[in-house]
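Good morning, and thank you for the time. Please have the model open while I speak.

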Amino acid sequence: MSGSEKRILRYRIFGHYHIPLLCFYSAFLGVMDWEHLDLDPQVAAALHQANLKSVGDILTYSVVDLQRITHLSIPDIQDLQKAAAVTLEKDKKTITALQLYKDTATFPSQHQRLSLGCSVLNRFLRGGIPIVGITELAGESSAGKTQIALQLCLSVQYCAEYGGLGAGAVYICTEDAFPSKRLQQLIKSQHKLRSDVPTDVIRNIRFGDGIYIEHTADIRLHHR
């Protein structure tokens, strides 16, 4: 799957950062060597030692992560990131959030939305959930958060013509057990819930194979 397709659906644990304040062309970031920067020899040596190779490495890591990797002081890291940002600005390789928001031709994924499989909710959300960034779903118990997350796991598997991405989903469950019975009910009801989609299209999608289920307890164990 592509980066835009690897959308992680998370229950309860969401953020809401749809459009960054400043974005850089990732392709350029990945190839621009930081050795073009005017750096103190001690800082340059630390970057070599940490095996950081590009400006992208410098700007995509947080200050805390860079300090852990390079063992540089926080003021040195802040000066380093500032130098990288200034260099990119001089080379006209940056864009503003407003440009990103308005330029639908160059950045189509920034404006693409994932259908919820419900015309009422889609209209309310101006077409569905943005596929870029992290979306927060909040509500009281039994408000329908899990139901929406399960439906999104199915919606993402439809092709773009029907509001999906033709991709799979990762469902990170924070409860004791994944609601598999409810998911099966949704799968069996797709021909009724998605009357906008031809029956043969629904029949040809193997919904159960397109959902990877993970539990927070397992994730914590993996990272110990």
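I shall go through selected residues of this structure one by one.

This is a predicted model, in which local features need pLDDT of at least 70, side-chain atom pairs count only at pLDDT 80 or more, and totals for chains, interfaces and linings use all residues. Residues are numbered from 1 along each chain as its sequence is written, and side-chain values use heavy atoms, with hydrogens and water left out.

Let us begin with Arg194. It lies in the loop between α10 (190-193) and α11 (199-203); helices (H or I, at least four residues) and strands (E, at least two) are DSSP runs, numbered from the N terminus. Is Arg194 buried or exposed? Its relative accessible area is 2%, so Arg194 is buried. Buried means under 20% relative accessible area, exposed means over 50%, and partly exposed lies in between, with a 1.4 Å probe and protein chains only.

What does the charged end of Arg194 sit over? It sits over the ring of Tyr158, 4.7 Å from the ring centre. The criterion is that NZ of Lys or CZ of Arg is within 6 Å of the ring centre and within 35 degrees of the ring normal. The Arg194 side chain also reaches the backbone oxygen of Tyr162 at 2.9 Å. Leaving aside neighbours within four places in sequence, the residues in contact with Arg194 (heavy atoms within 4.5 Å) include Ser115, Gly117 and Ile202.

I turn now to aromatic rings. A pair of aromatic rings is described by the distance of the centres and the angle of the planes. Rings of Phe, Tyr and Trp (its six-membered ring) pair if their centres lie within 6.5 Å; planes under 30 degrees apart count as stacked, over 60 as edge-to-face and the rest as tilted. The structure holds two such pairs. In one of them, the ring centres of Tyr171 and Phe178 are 5.0 Å apart and the planes stand at 80°, so this pair is edge-to-face. Tyr171 is buried at 2% relative accessible area, and Phe178 is buried at 13%.

His71, between α4 (63-70) and α5 (74-90), has a positive phi of about 65° although it is not a glycine. Ser142, between β5 (129-130) and α8 (145-155), has a positive phi of about 70° and is likewise not a glycine. His71 is exposed at 68% relative accessibility, and Ser142 is exposed at 76%.

Methods:
A polar contact is a pair of N or O atoms within 3.5 Å; within protein, one must be able to donate a hydrogen and the other to accept it, and residues adjacent in sequence count only if both atoms are side-chain atoms.
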